[in-house]
Amino acid sequence: MARAIKPRVGMYENVKNQFEKAAEVMGLDESVKKILSITNNEIVVHFPVKMDDGSVKVFTGYRVQHNNALGPYKGGLRYHPTVDIDAARALATWMTWKTSLAGLPYGGGKGGIQIDPKQYSQAELERITRRFTYALGDNIGPEHDIPAPDVNTNAQMMAWIADTYMSTKSPSERSKNQHVVTGKPVGSGGLEGRDRATGFGVVVTLEAWAKLNGTTLEGKKYIVQGFGNVGYWAAHFMHKNGAILIGVQDATGTLYNPEGIDPEGLLRYQTENNTIMGYKNMEEYDSDKFFGIDCDIIIPAALGNQITEDNAATVKAKVVAEGANGPVDTDGEVILLEKGVDIIPDILCNSGGVIGSYFEWLQNRNGEIWSMDDVIVKLRKKLEDAFNGVINTSVQYKTDLRTAAYIRALSRIEMAYKQRGIFP
Ligand code: NAD
C-alpha cells in the first residue's frame, strides 16, 4: 500500500524556529537577523505546456532566492505535489545555511513545480522542464542562481535546463553558460561522482560520528527512508562499511528484514519494478511504525517533517543522520534530544550534494575535467572539516549539533555583512 503523505506543519516555521534558537545562543547581530529572517526574492511563474494528447496545461513553478551575501543563489529543483511557496522558502533558507557551513562561495535558493511526475510521459516532462526554464529566464544564471537536482528531478532534466538556458543566449555566449545548472550527466559537463555525492557525504558524517563515539559502522543496523538518489547511495556506502540495512521505506511502502536487505539487489529490483514492494517476497511492514524499528542508525532520505511528536518517542536508534532536508520537525527534535539521540543535521549531513555541485561548477567555469578519485578525496576532506568544526562549536557553546551548525553558518554570513555594510 502506498504511504500517505501526512498533513504538514509548515516547513518554513521549522527553519525559523531553528534559526531563532541559534541566533539567540550566539547573539547574532540584530540587523543581520532581520535580513536573514526573510527571503530576498520569490519568483512564481505560470507557463503553458502542450500535452501528448494535444491539450494544453498550465503549470506553476517556484524559485525562491533566500540570500546571496556569500555568492550566487544555489539549490535544487523539486517536482512533487508538496511543492509550494512555504516548502520553497524553507528549502531555500536551508541552502543558505548549508552553503555557508560548507565554506562555499554561494547563497541559498530552491524551487520546483507542484506536480507528480509519474503522471507525465518523458516527452511531457521534457517540455515541462524546458518551458519552466524559459519562464524563469534570467532569474537563474551561472553567476546568479544555479539550480541542481532534488526530489524527482535528475541529471537528464538538468541537461534539458542547461540546453534550454544556453539556447536563449547569443551563439558566442552559449558555451560560457554551461554552469547555469549542476548535477548534469557526465557527458554534458557533469561531474564524475556528483550522483553519489550526497549519499557518500551522509556516510562520511556517520563515520565521523562513529569515530567520535569510539566505534565504527561495521555491524551497525540501520534503516533508510527514501530509496532514491540519496537513500540508495547512502545504503551503498553503509554496506561498504559493513553496516546492515534492516528496513527501507519509500513512497510505495515499507520493507523490514532483521537478517539484512542487500541494497544492490533492491536497487535492481526497484529499477525493474518501479517499487521496492515485493522484493524477495518480503512482507510489507506497518509504515507508521517504521521509525520505531529497533536499530542503531536512522537515515531519513525522503521528505521533510517525517519524525515529529507523533513518532519521535518510538525511536530506538542512537543517531539520526538527516539525508533529507528537514526530516525532523521542531517538536520531534525536542523529544529526540531529551532521549539522548544524536541528530546529524541536514545542513551538515547532506551537504555532500552541494559540495559536489560546487566542484562541477568550478570544473565547467575553468574548462577542467575532474576525476572521480579527486572528487571523492576532496569531498571527504570538506565534510570531515565541517563535521569537526560543528563538534568544536557544540562543545564551545554547550549546545546540540544543529544549533552548532547554524552558529557556524550564521557567523560567516554575519561577518560578510559587517565587513561590507548595508547599501546605501
Ligand atoms: P529522489 O527523488 O531521488 O528520491 C526520493 C525518495 O523518497 C524516493 O525513494 C521516494 O519513493 C521517497 N518518498 C517520496 N515520498 C515519500 C513518502 N511519503 N514516504 C516515504 N518515502 C517517500 O530524491 P533525492 O534526491 O534522493 O532527495 C531525497 C531528500 O534528500 C530530499 O529531502 C532532498 O531535498 C534531499 N537532498 C537531496 C540532494 C541531492 O543531491 N539529490 C542533496 C541534498 C539533500
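**The ligand and its surroundings**

A: A polar atom in the side chain of Asp150 lies 2.6 Å from an oxygen atom of the ligand. The model is a predicted one, and every distance given here is computed from it. Phe227 takes part through its backbone instead: a polar backbone atom of Phe227 is 2.9 Å from an oxygen atom of the ligand. In total, 23 residues surround the ligand. The closest are Asp150, Asn152, Thr198, Ala302 and Asn325.

Ser357 belongs to helix α11, which covers residues 352-365. Ser357 counts as buried because its relative accessibility is 1%, and the cut-off for buried is under 20%. The side chain of Ser357 has a polar contact of 2.8 Å with the side chain of Thr182. Another polar contact, of 3.0 Å, links the side chain of Ser357 to that of Arg194. With residues up to four places away in sequence left out, Ser357 touches Lys74, Tyr106, Ala148, Thr182 and Arg194.

A buried residue can also sit in a loop. Ile115 is found in the loop that runs between β5 (108-113) and α4 (122-136). The relative accessible area of Ile115 is 4%, so this residue is buried. Apart from neighbours within four places in sequence, Ile115 is in contact with Phe59, Tyr79, His80, Pro81, Tyr120, Leu125 and Ile128. Gly61 is 54 residues from Ile115 along the chain, and the C-alpha atoms of Ile115 and Gly61 are separated by 9.5 Å.

Next come some points of backbone geometry. Most residues other than glycine have a negative phi, and most peptide bonds are trans. Asn281 has a positive phi, near 55 degrees, and lies in the loop between α8 (263-273) and β10 (297-300). Asn281 counts as exposed because its relative accessibility is 70%, with the cut-off for exposed at over 50%. Asn305 likewise has a positive phi near 55 degrees. Asn305 is placed in the loop between β10 and β11 (319-321). Asn305 counts as buried, because its relative accessibility is 7%. The peptide bond between Phe423 and Pro424 is cis, with omega about 0 degrees. Pro424 is in the segment that follows α13.

The largest share of the lining, four residues, comes from α9. The lining is formed by Asn17, Gln18, Lys21, Thr330, Glu333, Val334, Leu337, Asp400, Arg402, Thr403 and Tyr406. Sorted by class, the lining of the second largest pocket contains three nonpolar, four polar and four charged residues.

Conventions: Residues are numbered from 1 along each chain as its sequence is written. This is a predicted model: local features need pLDDT of at least 70, side-chain atom pairs count only at pLDDT 80 or more; totals for chains, interfaces and linings use all residues. Side-chain values use heavy atoms; hydrogens and water are left out. On a 1 Å grid over the protein atoms alone, a cavity is a set of points where a 1.4 Å probe fits but cannot get out, and a pocket is an open set with protein on both sides within 12 Å along at least five of seven lines; lining residues have an atom within 4 Å of a point. Helices (H or I, at least four residues) and strands (E, at least two) are DSSP runs, numbered from the N terminus. Ala, Val, Leu, Ile, Met, Phe, Trp, Tyr, Cys and Pro count as nonpolar, Asp, Glu, Lys and Arg as charged, and the others, Gly among them, as polar. Buried means under 20% relative accessible area, exposed over 50%, partly exposed in between (1.4 Å probe, protein chains only). A polar contact is a pair of N or O atoms within 3.5 Å; within protein, one must be able to donate a hydrogen and the other to accept it, and residues adjacent in sequence count only if both atoms are side-chain atoms. Contact means heavy atoms within 4.5 Å. A residue is near a molecule or strand if one of its heavy atoms lies within 4 Å of it.
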